[in-house]
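Student: I am new to this structure. Can we look at it together, one question at a time?

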Amino acid sequence: MGPVVRAVPVPPPAEDVTGVRDPQTAVFAGGCFWGMEAVFQSVKGVHSVTNGYAGGTAATASYAKVSGERTGHAEAVKIVYDPTRVSYGTLLRIFFAVAHDPTQLNRQTPDVGPSYRSAIFPQDEKQRRVAAAYLAQLGKAGAYPRPIVTRIETGAFYPAESAHQDFFWRHPTHPYILRWDKPKVAAFRNAFPQLAN
């Protein structure tokens with residue numbers, strides 16, 4: 001079993017996206033997408049999570065090419081959610097509290113390279129404003145012992161190969177899942193029981 005992971009006690013966002021009722025999309029990058037996918041699939045109000053690559057071109061959006069660390073992509077998740085049940089700001093809070101470590105530059109624990117960077121890919125200007133405000137809020141709150149290196153980026157999202165989708169659930173005894181990802185999902189459920197499905 002992996003290490004015990006505790007959620008970082010980050011505050012709720014002071015600003016949020018409001019006034020939307022139709023399904024919305026969020027795109028976050030925070031290291032290996034297997035664990036990010038599992039965390040967000042565990043959130044009430046999330047319709048679907050797709051693993052993929054953001055920030056590069058369609059021509060090089062494959063696991064083999066992205067792993068070479070020269071395509072500009074980040075491993076990312078595309079989250080489709082019901083904004084009447086879970087807000088963009090709440091998803092950001094989960095992203096920073098348990099889904100990854102936003103203080104690691106171009107890596108997440110054992111995985112090293114720019115494809116494992118911490119990044120937010122806003123899908124519209126409202127999301128961009130809320131993400132920027134929350135980054136500033138977290139910086140002022142001093143929630144982390146080291147500076148946050150998360151960047152706000154632009155770029156399209158390209159779905160990953162089918163072998164990478166639902167990986168956490170299809171391979172529950174995979175050593176990587178046991179070591180790094182099951183503790184994240186447990187930390188989410190412990191810290192945000194009211195949001196867990």
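Student: How many residues of helix α1 (residues 33-41) are buried?
Tutor: This is a predicted model, where local features need pLDDT of at least 70, side-chain atom pairs count only at pLDDT 80 or more, and totals for chains, interfaces and linings use all residues. Residues are numbered from 1 along each chain as its sequence is written, and side-chain values use heavy atoms, without hydrogens and water. Buried means under 20% relative accessible area, exposed over 50%, partly exposed in between (1.4 Å probe, protein chains only). Helix α1 is largely enclosed by the rest of the structure, because the buried count is 9 of the 9 residues.

Student: Where is asparagine 106 found?
Tutor: Its phi is near 55 degrees, a positive value in a residue other than glycine. Helices (H or I, at least four residues) and strands (E, at least two) are DSSP runs, numbered from the N terminus. Asparagine 106 is found in the loop between α3 (88-99) and β4 (107-108).

Student: Is threonine 109 buried, exposed or partly exposed?
Tutor: Threonine 109 is in the loop between β4 and β5 (111-112). Its phi, near 45 degrees, is positive too, in a residue other than glycine. The relative accessible area of threonine 109 is 31%, so the residue is partly exposed.

Student: Which residues line the largest cavity?
Tutor: A cavity is a set of points on a 1 Å grid over the protein atoms alone where a 1.4 Å probe fits but cannot get out; lining residues have an atom within 4 Å of a point. The largest cavity has a volume of about 40 Å³. Its lining is Gln104, Leu105, Asn106, Arg117, Ser118, Val149 and Arg151.

Notes:
On a 1 Å grid over the protein atoms alone, a cavity is a set of points where a 1.4 Å probe fits but cannot get out, and a pocket is an open set with protein on both sides within 12 Å along at least five of seven lines; lining residues have an atom within 4 Å of a point. Grid points are joined across faces, edges and corners, and a volume is the space filled by probe spheres set on the points.
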